[in-house]
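User: I would like to go through this model with you. Could you begin with the helix packing?

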Amino acid sequence: MIRIERRLEQPRWLTVVVPVVSVAVAFLLATLVLLATHHPPLHTFRRLFDAAFLDNGALTETLVSATPLAFTGLCAAVAFRMNLFNIGGEGQLYAGAITGATIALLLGGAPSAVVIVGMIAAGAAGGAVLAAIPGVLRAFFSTSEIITSLMLNYVVALIIDYLIFGSHSYLRDSSGFEASVFPQGKTLPDEATWPSWAIHGLVIPLGALVAVAVAVVVWFLYKRTRFGFEVSVIGDSARAGRYAGMRTRRKIVAVMCLSGAIAGIGGASQDGDFRHQLDPRGLTQANYGYAGIVVAALARYNPFAVLLVAFLLGGLQNAGYTLQGADFPNGLVGVLQGLLLFCVLGGELFIRYRVRIERRHRTAAETA
Amino acid sequence: MNNSLLVVVLASGIAYGTPLLYGALGELLAERSGVLNLGVEGMMLVGAVMGFWAVQRFHVTTTLALLGAIGVAALAGALLAGIHAFLVVTLRANQIVSGLALTIFAGVAGLSSYLGNDLDLAKSPARHQFQEVFPKSWQDLPVVGPIIFGQSVLVYASWLCVVLVALYLTRTRLGLNVRAVGESPAAADAMGINVSAYRYAHTLVGGAFAGVAGATFSLSITPQWIAGLTAGAGWIAIALVVFSFWRPALCLVGAYLFGAFAYLPFVLQARDYPWAPPPELSQSLPYLMTILALVLVSSRAARLRFGAPAALGRPYVREER
Amino acid sequence: MVHQHFRLVEPFSVAENVVLGDHRDVGRTFRLHSRAIERRVGELSQRYGLAVDPRARIWQLSLGEQQRVEILKALYKDARILILDEPTAVLMPQESRALFDTIRAMARDGRTVIFISHKLREVKAVADRVTILRRGRSIATVPAADATPQSLATLMVGREIRPARRDGPREVGEACLELHDVGADGDRGLPAVRDVSLTVRRGEILGIAGVAGNGQRELAETIAGMRPPTGGTVRVTGRKLKAGDARAAIGAGIAYVPEDRLGTGLAPGLSVADNVVLKSYRKPPASRGPLLLVRKIRELAEALMQRYDVRASGPDVPARQLSGGNLQKVVLAREFSGDPVVLVAASPTRGLDVAGIEVVHAYLRDAAERGVGVLLISEDLDEIRTLADRIAVMYEGAIVGERDASTATVEELGLLMAGGE
């Protein structure tokens, strides 16, 4: 019989060893999969690694993939820390992309710094307002935020589609012959192009730096402010929070808005750093929001770990795109990511609980 | 008349809505036992690819091949669901993250494409496909012809499934037990019901349904394997469960609604309708209605009748009662 | 066993709940024969006087009716022995009478009923024999016919075999906590506190005696602002307290040591240091403006841990790792360091060993000496008699008697606690 009991203490070494072992097991499983399908494992892993980090321009592309994951990862981490399962990061990112692009178009002509700051603010606002809906519903009506945030993802996805494909909205590009046949978003003015910095051939987009800044802010907020203290108390025991006189409902809305704002900035970054237009197809196919939840889970909701995991998974994504072709197993990226997640998730059990295997020798008389 | 907009949309709505229906029925069963499985899209794709593979490989008559293919698809879906079940029921992992992991693992960037690629499945169309069942003369009947008699076996089977699932939940002992597990695992446990077993079983069956849903795509709708051919149907199925308030009959209605709305823009475009309402608007209505309904359903009584199973998404641990 | 907290599935009907998980007899087959089941449930309910509509949904039923469903569950399974744990806690008087009829009917059928209660009236009304338990031990078993309220009460609380070590009289000041006609509802919507009026003075210890479940917890929570009152006022040093607001209560100087240490009084996953500032984090020295002064907090915690002798490897240890006694020390240390005006302590020594109990008692005395008004709620009559200056007894949500501790006898307190006159 297997008995699972909650651990009283979580020794430090466990929290390091278990994830490492989990990752190792994941790679082992991936190796088995590759072997079973007649691909050379070591060679494949090597190619992945090169394509992700070592090849010419790989790091830059990795940053491109990692930046949105960092934002959505932070979005999820911020909320999940308080047991608020905001799975609306996807929609909140779209919302930020919409508001960011709108501001960029409206402010065209103003100095670049103004436009960029405007985009960031607008993106944050868009995401925050959207996230407030499930927040308020949860805080004041006890409606599950899982379901409401999920539903809103679909709604915003349709809105963003509508803006470009279904209507002649402000955001849609109506100039030129192509526009009526291949609808796409208006190209954002040059002032709305976010700067990037090249260091030894590595191009660092502004979004990446903003993500790092957000991570620092989030870390600081959660570790060193009263707000963060309340979040940890309520996340640990809602009853203790009420005992201490904390305003639980307001906190729920505030945390959801913060979470949405971060995803929204990610949306604005997509507009300003990479796509330079509102790109519904690209955004909805990328699934950054859901991937972000995965990133946050792997990072165990620590903001700096989120950055690291986003970077690594971004590398994996990048490698996947680059290597797509006849001689590389298609879909390996997803398989690897999935295996990693499964193993880490499964490993969590061993950190939180102690597993004991007991023999069934005892008779009723002995245990009496 | 049979070429009218309404008939065409309804007939296609049913055809397109069938995989949604299968997926939703499966997810409904899992959620009724308290397990949220966001991996439907992944399970669908793997079901699609494995069903397709089976049809290409099974050198038997059409009927047997298709039957076997459906079986393989269901098995594939169930196996994947088994991973999720193991993680969330036995290992007490977070259900949301596990479901997402499943989608990533098996989805368009994962296992399904991996298999499709490695097994060289994109090369040719399916050797056998699900065709219409009824003779042409029946299909030409006004209105009901194309809508009711112009469908494949999978559609008719799905109707049977709706009836079976509905009867199962409301009229059988097992169905009562699983509903108890989803609403109040503590009460069920106290009455001697094995909560884990029920959750495992229903999650696996949910996966099987998702697999069949995927096979509907690769063997009936687009009888070909294309990576990612479900195009988000799995996600729609999840929304459909909420939209139908966890009731199988409403799943049917909802699936065809969603299916019709998904198909509508193509039809309208082909026919050059100038006044068509933006399809995105109509497509978003179901989701908006669901949110509205969820809010209105915040009164205790209504929530108990229409709301989610109370224990949905939470792991059950006996000591922590 | 019919627990105090029902195990019912709310959206289901009565019949569905009764038959849940059952594998025999009616409906052994796959199909759920609802009509047959409803009929059988109806029969049982008729036979034993448990009036309830088999088709009604649980959420539509009153608590009394829900309890009947729980009993029906047991009867459906043909239980030969039924254990009812404080069943009348959720019943109105006429429902209680109906319950007694049911119990007698079950007994007539040859079933055995074990009825747990601390209410003497009920015991006399329904039992054949009475066993009295005290501190986990069986003290005596007497035929109910021979028992009188006095004899039972004495058995319940024991005689004064040895003179209790009593504190000397204390100097008391003006009133610091005044409750006037305070009422509050319990978790299940029934009134738990009924028109309670009491006064605690500075420097005194007012003990509230009573068997658990008579509204003590709800009273404490109402004073501490965790539960909105349904009526009445609470005043602290003369000023009216904003109802149902924990923050206001904390601000007014009310310290609360709850019964549930680890789930309510402390956040189990957070460190001792964090728990020490659980209520004071909003002001200096724990914070300055919106910023938390983490190092300061650690220092505070270390100092407190030293002063109050909390045994743990450091202030960063998660609270759940501490032993019961140390947990209580942390809670008390925190509550005291806030310089309270009123201290509400609910079952503060529950689950502690002798040494732990001594420590807690020392703190309570210390508090009174420093002029804090202490409201001590406890099921342990000895503890109350040792520490308190005055004793009030709570029964079914109301204060049924107040006595001076130096003159009150065990017998009269026991009688009050059990609902006698």
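**Helix packing and contacts**

Analyst: In chain B, the axes of helix α1 (residues 5-32) and helix α11 (residues 195-221) come within 7 Å and cross at roughly 170°. Axes are lines fitted to C-alpha atoms, for helices over the stretch in contact, and angles run from 0 to 180 degrees between N-to-C directions. This is a predicted model, in which local features need pLDDT of at least 70 and side-chain atom pairs count only at pLDDT 80 or more, while totals for chains, interfaces and linings use all residues. Residues are numbered from 1 along each chain as its sequence is written, and chains are lettered from A in the order in which they are written.

User: Which way does α1(B) run relative to α11(B), roughly parallel or antiparallel?

Analyst: The crossing makes α1(B) roughly antiparallel to α11(B), a term for angles over 145 degrees.

User: What residues make up that contact?

Analyst: The contact of α1(B) with α11(B) has 15 nonpolar, eight polar and two charged residues. Ala, Val, Leu, Ile, Met, Phe, Trp, Tyr, Cys and Pro count as nonpolar, Asp, Glu, Lys and Arg as charged, and the others, Gly among them, as polar.

User: Changing topic, how many residues of chain A are in contact with chain C?

Analyst: 17 residues of chain A are in contact with 24 residues of chain C, contact being C-beta atoms, placed from the backbone, within 7 Å.

User: Which element of chain A gives the most to that side?

Analyst: α9(A) does, with six residues. The side of chain A that touches chain C holds seven nonpolar, four polar and six charged residues.

Definitions and conventions. Two residues are in contact if their C-beta atoms, placed from the backbone, lie within 7 Å. Helices (H or I, at least four residues) and strands (E, at least two) are DSSP runs, numbered from the N terminus. Angles under 35 degrees count as roughly parallel, over 145 as roughly antiparallel, 65 to 115 as roughly perpendicular and the rest as oblique.
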